[in-house]
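Colleague: Could you open the model so that we can go through it together?
Modeller: Of course, here it is.

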Amino acid sequence: METRIRLFGHAVHQALVHFPIGILCGSAAFDVVWLFTRDSTWPTISYYMIVAGVISGVVASIAGILDYLEIPSHTRARSVGLTHALTSGCALAVFALDWYVRAGASHIPGVLALTLSLVGVAIVSVAGWFGGELVTRHGIGVSDDAGLNARSSLSITQTIEPRDDA
């Protein structure tokens with residue numbers, strides 16, 4: 001099912017989700033590095049990655065909601081899409097809370113912030129799996145003419161009709 005929100009022939013939501021997923025999971029990885037090094041640079045980087053991840057996640061979510069509204073009602077894809085949306089929203093909420101908890105001069109994460117970070121990554125992973133299910137199993141965001149010999153997404157097809165006055 002081809003989505004309406006496309007840029008250069010590609011689904012915008014599918015292109016955008018890589019940013020919050022990578023950034024938010026990376027922030028948790030830097031928290032783990034901090035646990036081993038105790039170098040205060042890592043939690044500062046992690047904090048700003050959480051900020052960027054939440055903001056980019058909200059942007060990706062807007063495109064995702066618009067895609068979700070195009071899925072026909074009473075289909076399995078619609079229920080999987082709702083599950084994907086809810087888990088993604090929960091992940092963003094967890095990381096937004098993590099952002100709030102870490103706000104301050106040092107950004108050094110306490111037990112709550114570290115827990116939120118790891119729980120957030122777990123929820124992002126589940127949400128990503130449901131998103132992958134939508135694309136690979138239900139064809140959401142896949143071009144209607146997709147195939148092994150499909151034309152380029154950048155190609156512009158125009159039908160030229162003969163003019164009557166020619």
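Colleague: Leaving aside its neighbours within four places in sequence, which residues is alanine 91 in contact with?
Modeller: Bearing in mind that this is a predicted model, alanine 91 is in contact with Gly120, Ile123 and Val124, once its neighbours within four places in sequence are set aside.

Colleague: And which residues form the largest nonpolar core?
Modeller: That core has nine residues, namely Leu24, Ala28, Ile50, Val54, Ala91, Leu92, Phe95, Val121 and Val124. At least two residues of this core come from each of α2 (18–37), α3, α4 (76–102) and α5 (111–136), and α4 gives the most to it, with three residues.

Colleague: What does the second, separate core include?
Modeller: The second core has seven residues, among them Tyr68, Ile71, Ala77 and Phe130. As general background, nonpolar side chains in soluble globular proteins tend to be buried together.

Colleague: Switching to serine 46, where is its place?
Modeller: Serine 46 sits in helix α3, which covers residues 41–68.

Colleague: Why does serine 46 count as buried?
Modeller: Serine 46 counts as buried because its relative accessibility is 0%, and the cut-off for buried is under 20%.

Colleague: What does serine 46 touch, then?
Modeller: Not counting residues up to four places away in sequence, serine 46 touches Ser27, Phe30, Asp31 and Arg102.

Colleague: Let's step back to the whole chain; what pattern does the protein follow along the sequence?
Modeller: The secondary structure comes to five helices and two strands, and read along the sequence the pattern is β-β-α-α-α-α-α.

Colleague: How much of the protein do buried residues make up?
Modeller: Buried residues make up 35% of the 166 residues. The protein exposes about 10,100 Å², and carbon and sulfur atoms supply 67% of that area.

Colleague: Which share of the contacts with a separation of 6 or more comes from residues 24 or more positions apart?
Modeller: Residues 24 or more positions apart account for 75% of those contacts.

Colleague: Last topic, how many positive and negative side chains are there?
Modeller: There are 9 positive and 12 negative side chains, and the centres of the two sets lie 6 Å apart.

Conventions. Residues numbered from 1 in each chain as written. Predicted model: local features only at pLDDT ≥ 70, side-chain atom pairs only at ≥ 80, totals over all residues. Heavy atoms only, no water. Helix = DSSP H or I, 4+ residues; strand = E, 2+ residues; numbered from the N terminus. Buried < 20%, exposed > 50% of the residue type's maximum accessible area, 1.4 Å probe, protein only. Contact = heavy atoms within 4.5 Å. Areas by Shrake-Rupley, 256 points an atom, 1.4 Å probe, with all protein chains shown as cover. Lys, Arg positive; Asp, Glu negative; His and termini not counted. Charge placed at Lys NZ, Arg CZ, Asp CG, Glu CD. Core = buried A, V, L, I, M, F, W, Y, C linked by side-chain atoms within 4.5 Å.
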